[in-house]
Amino acid sequence: MSAAHSIIKTVGITKVYGMGDIQVAALNGVNIDIHQGEFVAIMGPSGSGKSTLMHILGCLSQPTAGQYFLDGEDVSQLDKVQLASVRNQKIGFIFQAYNLLARTTALQNVTLPFLYNRVNPKTKEESLKKARTMLELVGLGSRMNHQPHELSGGQQQRVAIARALINDPVMVIADEPTGNLDTRSGTEIMNLLHQLHEQGTTIVMVTHDPKTAVHTQRTINLVDGQVDTITHNGKHRIETAEVPYEAN
Amino acid sequence: MKPTEALTIAWEAVLKNKIRSLLTMLGIIIGVSAVIIMVAISAGTEATIQDQITSLGSNLVFVQSSMMRGGPGQAQQGGLVYDDAAAIEDGVTGVTAVVVEQNSSETIKYGDVTLEDVEILGTTVGFPSVRDMEISDGRYFNDQEIERKSKVVVLGYSLAQELFGETNPIGQYVKIGNTKQAVIGVFTEKGLVGNTDFDSRAYLPISVVFQKFTPSQFARFMGDSVRMIYVEVDPDANLDNIITQIELLLVKRHDVTLDSADFSVTTQQDIISTQESTTAAFRSLLAWVAGVSLIVGGIGIMNIMLVSVTERTREIGIRQSIGATPNDIRIQFLTEALLLSIIGGLIGVLVGVGGAYIFGALSDMRTVISVSSILLAFGSSAIVGAFFGYYPADQASKLDPIEALRYE
């Protein structure tokens, strides 16, 4: 296959909350397909199920029904321990609230995923070296030994991005990455994500802000737990051999 | 996660919350140091008793008046008499020395100093050697002085201090009861042996005590009664055999049966055994009390760890999101609890050893710090940490990553 392969492929993903008589379906048969190297936004109003979808795509929870192939592997039936390993190896998270460990330096925060890496264990020197490289990549080479409270919001989010990339994941999931930032810092973070995308990183961004979503290649709009529309945002579209989704 | 990494994380967590860590450890510190100090005190008490009993003199058999014959309303009679001592010395083989003692209580005066209820001990020439006492000044009385009922007295160390202070007591006269007695000697300090204070007594020829301080209306018929006969035996002799000989002799002399005997025969070994069982009970009581405080310390650790898990829910969520398994989280918090209890245990050992040492130095009580109590206390602190740390760690490992990440 000359084209990029599927990183995310879901088949009829359903998530039902609640027990007994009262059951709420947060997701109701979601089929999406995201290819390697893509930059995709998932949008939707409150209650549309976008957080639930993000949690499933991020292997933080499992679907009630349906299948989820991450990087070609069916992860919908894995247990907690296996899911933890998948998160460690294949997924990098960027959160709205940065979620760095307090009173821990930027460098230590970035090396944290190595701690739980059983597949490719690294020595302390190797992890520190890689973490320094990543921090330089996100433009924080001079602030490696600063703790989160000594950094601005934008800088903290850069640390989080470096941490997300440290284990060479197959994709990065960004949950409202600019939600806590002022416009300028938000733009900087978006530019950084673009830069990563151009270097080949697959990015799935969850957002409610159309102005942010427009910077991605396409937007998957969720309504009531189902894929409503898929919008192509034009300029960043990459050529793929097959287009498995229905373009509007 | 490697054990060294778990330890590093735990160490950093302990350092990040220094005050809280210290408070958490406090229970363990108190528990461990209490175990060490209490065991040290009881071991010290035991050792002191052992030493004192040994210092009574070796190979002693104690023959003691245990009951007076005669019913209610009758004057006291019976018990040991002075002549029994001579009979034992002549009639029992393996005896090297026999010493008699009879006591009373009198007021002693010297100059302006008046001491009431001072113990007066009438005894014989062999007393210093049998009871392992030494004369520091002057001399002890001799057989002639006992024979002649000489008005002489040898003072215990502290009694001499109280009466004379800086003055040299030798050659001075003290008034005991209504009798003037010449001080001829002072004993060196001996201290408490069991409940007996050897230093606060006045030692007189036994004949003087019989005549002046414990006259008996039956003395004419029965002989002068005595409280105690010390029988020093040949170290190579069979002790049980000698005891039997003494018992048979006295039963015959007193015309009683062994069951109704008016005397009792004990050995140093009997005294040691009694004391040992008392101190063993004391020690195990202390150990239990200290053990309970260790458990309370453990519950303290569990409390703080539960609070800590709640407080760090977000951190747990972050770690889970980047790939920590439930077991990783469990190990992290268990290691932290263990580390807290082990550091607490180490500090407790330092405080305990230091406390026992200072306590021993500042008080009259002797303390003996035993390695086994240190190991026991430290070992239990680690076990307590593991036991009480498991539940909070397990709670942490069961957190749902999404809920944990949402936690504010």
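**The interface between chain A and chain B**

Q: What area is buried between chain A and chain B, and what share do carbon and sulfur atoms give?
A: This is a predicted model, in which local features need pLDDT of at least 70, side-chain atom pairs count only at pLDDT 80 or more, and totals for interfaces use all residues. Residues are numbered from 1 along each chain as its sequence is written. Buried area is the accessible area (1.4 Å probe) that two parts lose on being put together, summed over both. Between chain A and chain B this comes to about 2200 Å², with carbon and sulfur atoms giving 58%.

Q: Which residues in chain A lose the most area to chain B?
A: Three residues together make up 28% of what the chain A side buries. They are Arg103(A), Leu115(A) and Tyr116(A).

Q: Which side chains meet in a salt bridge between chain A and chain B?
A: A salt bridge is a side-chain nitrogen of Lys or Arg within 4 Å of a carboxyl oxygen of Asp or Glu. The count between the two chains is one. At 2.6 Å, N to O, the side chains that meet are those of Asp328(B) and Arg118(A).

Q: Is Ser21(B) buried or exposed?
A: Ser21(B) lies in helix H2 (residues 18–54) of chain B; helices are DSSP runs (H or I, at least four residues), numbered from the N terminus. Buried means under 20% relative accessible area, exposed over 50%, partly exposed in between (1.4 Å probe, protein chains only). Ser21(B) has 6% relative accessibility, so Ser21(B) counts as buried.

Note on methods: Chains are lettered from A and ligands numbered from 1 in the order in which they are written. Side-chain values use heavy atoms; hydrogens and water are left out. Helices (H or I, at least four residues) and strands (E, at least two) are DSSP runs, numbered from the N terminus.
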